[in-house]
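Thanks for coming. I will take a few minutes to walk through one chain, and you can follow along on the screen.

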Amino acid sequence: MLSAEQTAQWQRDGYLVLPGFKPAAEVAAACDRARAIVAAFEPAADTGTFSTRDRSRVADAALLASAEAVHCFFEEEAFDTQGRLAVPKERSINKIGHALHELDPFFDRFSHGPELAALARALGLRQPQVWQSQLIFKQPHIGGEVGWHQDGSFFLTTPQTVTTFWFALEDATLDNGCLWVQPGGQASPLREQYVCDWLGADGQPLPGGPRLRMQLLDATPWPGSAQAVPLPVAAGTLVVFGGLLPHYSAPNRSPRSRLAYTLHATCGTAAYAAQNWLQRSPALPVRGFD
Ligand code: FE2
């Protein structure tokens, strides 16, 4: 599956770029399917009308519910001061998640199969568990920056095993917000953990539901710009990287969108933290790439 050179690169740099992993026809079909999901999406009448405080609670609840659903999330800049959509609906979506790979027949097929299973094996994933799928839009002009982070913060396992599969569905360029990584940064510690407090300190349910927060684990600074390497890639390319690799993407101020699809998988042999926000119920058990 991987050449000796690719395996060495994976171990040295902490990421791999695999051009042409998905054929053009499948990539075009994925873009079509993404647009169809948005077209069918009916924003709730009260979308965007909450106070900042309420909005964060509503956003937490929407995120938690999306563990076993296909939910559209808006760009922060998509609303005017009255809480009305300020851009057309199809330009307002930040991402769709997080169970496309389970619930959407197209993305189920896209996310499973012998090629991905073999790649996961070659990258060292044992008994892979694919927790999450996301369509990330990076809309023209308003696509927001995603600052330096490590995906391990969101999928804590002991030991750390989460691996990201990042598929370019459109060309990702310096102008429209391609990924930037710190080669070798997978040797740095996990800096933050995204914690879900399911219950209060007294063991009782929290009023308003579970709360999400970012907790500092290690004060190691994020890399400087001199250590950041851009990964401009053509549509169909798959970028894979481990959960400790620092990465970010710049805002999209260009007129072209930058659609990507991601999967996050951990080893079933590692302990998956109970404080991870994404948990599965017995109704939708987590499964691998087969
Ligand atoms: Fe990430």
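Predicted model: local features only at pLDDT ≥ 70, side-chain atom pairs only at ≥ 80, totals over all residues.

The chain contains six helices and 15 strands. Its radius of gyration is 19 Å, which agrees with the value near 19 Å for a compact globule of 290 residues. Along the principal axes, the C-alpha atoms fill a box of roughly 55 × 50 × 40 Å. Buried residues account for 50% of the 290. If you take contacts between residues at least 6 apart in sequence, 85% of them join residues at least 24 apart.

Now the metal. Which residues coordinate the iron ion? They are His149 and His247, each through NE2, and Asp151 through OD, at 2.1 to 2.2 Å. The spacing of these donors in sequence is H-x1-D-x95-H. Asp151 sits in the loop between strands S5 and S6, while His247 belongs to strand S13, so this pair ties together parts that are 96 residues apart in sequence. Asp151 is buried, at 7% relative accessible area, and His247 is buried too, at 3%.

Last, the cores. The largest nonpolar core has 41 residues, and the members touching the most others are Leu135, Phe165, Phe167 and Leu169. Helix H2, residues 24-40, gives the most to this core, with six residues. Apart from that core lies another, of 14 residues, including Trp131 and Trp277.

Key: Residues numbered from 1 in each chain as written. Heavy atoms only, no water. Donors = N, O, S within 2.8 Å, 3.2 Å for Na, K, Ca; no water. Helix = DSSP H or I, 4+ residues; strand = E, 2+ residues; numbered from the N terminus. Buried < 20%, exposed > 50% of the residue type's maximum accessible area, 1.4 Å probe, protein only. Core = buried A, V, L, I, M, F, W, Y, C linked by side-chain atoms within 4.5 Å. Rg over C-alpha atoms; globule rule 2.2 N^0.38 Å. Contact = heavy atoms within 4.5 Å.
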